[in-house]
Amino acid sequence: MCLALPAPGNAQVGNGEFGDLFSDEPEFLPVDQAFEFDFTQQDNTLTVTFDIADGYYLYKKQFKLATKNVTLGDPVYPPGVEHEDEFFGVTQVFYDSVTFTVPIEEAVADGMVKVRYQGCADAGLCYPPTTKVVYLSAVSSAAEAAADADSQGENPAPQSQQYSLADRLIDGDNLPLTLLLFLALGIGLAFTPCVFPMYPILSGIVIGQGKSIKLSRAFRLSFIYVQGMAITYSLLGLIVASAGMQFQAALQHPAILIAFIVVFGLLALAMFGAYELQLPSSWQSRLNQLSNDQKRGNVAGVFTMGVLSGLVASPCTTAPLTGILLFIAQTGDMTLGFVSLYVLSLGMGIPLILFGMTGGKLLPKAGNWMNIIKVTFGFMMLAVAVLFIERLWSSAYTNLLWAVLGLAAFTYFSVMNQSTAPSIAKGVRTLIIFLGLFASAMVGYQTLFSGHQQRQAALTSAQPATSDSRPNGAGEQTNSHPPFVVVKNLADLESKIATANAEGKTVMVDLYADWCVACKEFEKYTFPSPEVVTALDNTVWMQIDLTDNTASNLAFQREFNVLGLPTILFFNTEGEEIPRSRVTGFMRAGPFADHVNQFLNQP
């Protein structure tokens, strides 16, 4: 006999004070565990798979497909098993697993297919009909495909880098070559601002208290550090792909940022000689019985610093990273996603390993230079702390911190340089120190002077602060690009896109957050470029601030499946997001202008 289940996913029997009375009753799996759903799309074929738990089955006749903006052919099912059912009579069912294919005759990007199914347990329980939603990539009809082939030849449809990388993972025709590509991309990412904080951290670990270090030990410490960074970065990527960008934003909570600032401030003080970082004496004597000083770089400590560095790099979104996150989100393949993220992180770590090995190898063997190097890395630790302060406090006045840090560092170098013997090298060092002091002083002066100008402009400006447009994004620098129209929520976006479309204009939406370093790079280097302004001549510039995890911001992230920042969306004159056009990660002006022309300004 088949017992109808009123609500899927909660079929446990026997609890509370009457639990003993029903202890022999079976406990049924939730519907998603009884029938694990998966799908893949390969060109114009949709493949649907169900892994069916032992003792459960699916009805063949209960499979139903409903579509939106999609045209499907007839599904092809495998033969089932004859089963006599109290309600359906003799019917075919599937045990263990079932896979069927559906031809896709035509589909727009993100066209929707609803897969309806129903199953039961042999123990006597039937689940209500359940529906899964599948979103497809665009598939042209046969006539359109032939026309496209005639007009475009072999040229593929344009798409952003992250989508092409995700497709390479999904196709998986040559997986080793694809992983090598991600390794190479990771090496390239090692030279971006996101990875900069790792260099002084690793240097402090390898150089330790200023003693000489063997090449083998430098490699071992660097490798352990990179493993901590790579594993953490990969795990965070899986979480972001599953939970969305709100987890990434949560790592930028003021409490976490303040903790990082304190940690790197304390590390800087240790480099300045305020105190010594060392293990407890009992551990110290065991680990280093031949030396009175502690040997920096124990395995657990180095791995922990690598984990912290993975957290440091986590807010930085790039096209390779987003490509992997898209692959995970589309396929749910966590294993291959983790491997790809790990390979990308390992590529980021290779230059770090070489840096750590070289840094230790080239250290002077003795002399005052050792102390100077140690203090230098102290200033670099403070630079990392300032980077976190910038995420916590978005203001042009944070440049004053850089100015003070530069003045302090180059003043120290000047004092140390005075005690050296006259030489050509000393003259070169003196010139560099003078330029450093001058540049630091100018940064401070310009910050204060421009701040005064801004206050005067604010007093005389006729535009209120609550206006729906701002000329320079969320920053405080003046720029030459058109003003951003501020978007408040999803409804506001739809309204403003409709207004722009009524004027025959396309729309660019910049997703911004105060803690996103690359977002500020867009504002400083890309958006003001004349070629970018020209490319977006018929486009309305819009911006939404996702700094805080408000309800409206979370709804926006879910609606557009935002995996990280910076992300830039493009909408056509019909108010639809242009398929595979969004940009993630920083792009310089030239490539960004080319991207805009490719998607918005095609004849």
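Helices, as named in these legends, are DSSP runs of H or I with at least four residues, numbered from the N terminus, and the model shown is a predicted one.

**View A. The nonpolar surface patch around helix α8.** V262 has its place in helix α8, which spans residues 254-271 and, with four residues, contributes the largest share of the nonpolar patch. The patch, with an area of about 660 Å², is made by I258, V262, L266, L269, F272, L392, W393 and L401. V262 counts as partly exposed because its relative accessibility is 44%, which lies between the limits of 20% for buried and 50% for exposed residues.

**View C. The salt bridge between K132 and D32.** The side chains of K132 and D32 meet at 3.0 Å, N to O. This pair links distant parts of the chain, 100 residues apart, with K132 in strand β11 (residues 130-136) and D32 in helix α1 (residues 31-34). K132 is partly exposed at 22% relative accessibility, and D32 is also partly exposed, at 41%.

**View D. The salt bridge between K496 and D492.** The closest N and O atoms of K496 and D492 are 3.0 Å apart, and the two residues are separated by about one helical turn because they stand four residues apart in helix α16 (residues 490-502). K496 counts as buried at 12% relative accessibility, as does D492 at 16%.

Notes:
Residues numbered from 1 in each chain as written. Predicted model: local features only at pLDDT ≥ 70, side-chain atom pairs only at ≥ 80, totals over all residues. Heavy atoms only, no water. Patch = residues over 30% accessible without salt bridge, like charges linked within 9 Å, V, L, I, M, F, W, Y side chains within 5 Å. Areas by Shrake-Rupley, 256 points an atom, 1.4 Å probe, with all protein chains shown as cover. Salt bridge = Lys/Arg side-chain N within 4 Å of Asp/Glu carboxyl O. Buried < 20%, exposed > 50% of the residue type's maximum accessible area, 1.4 Å probe, protein only.
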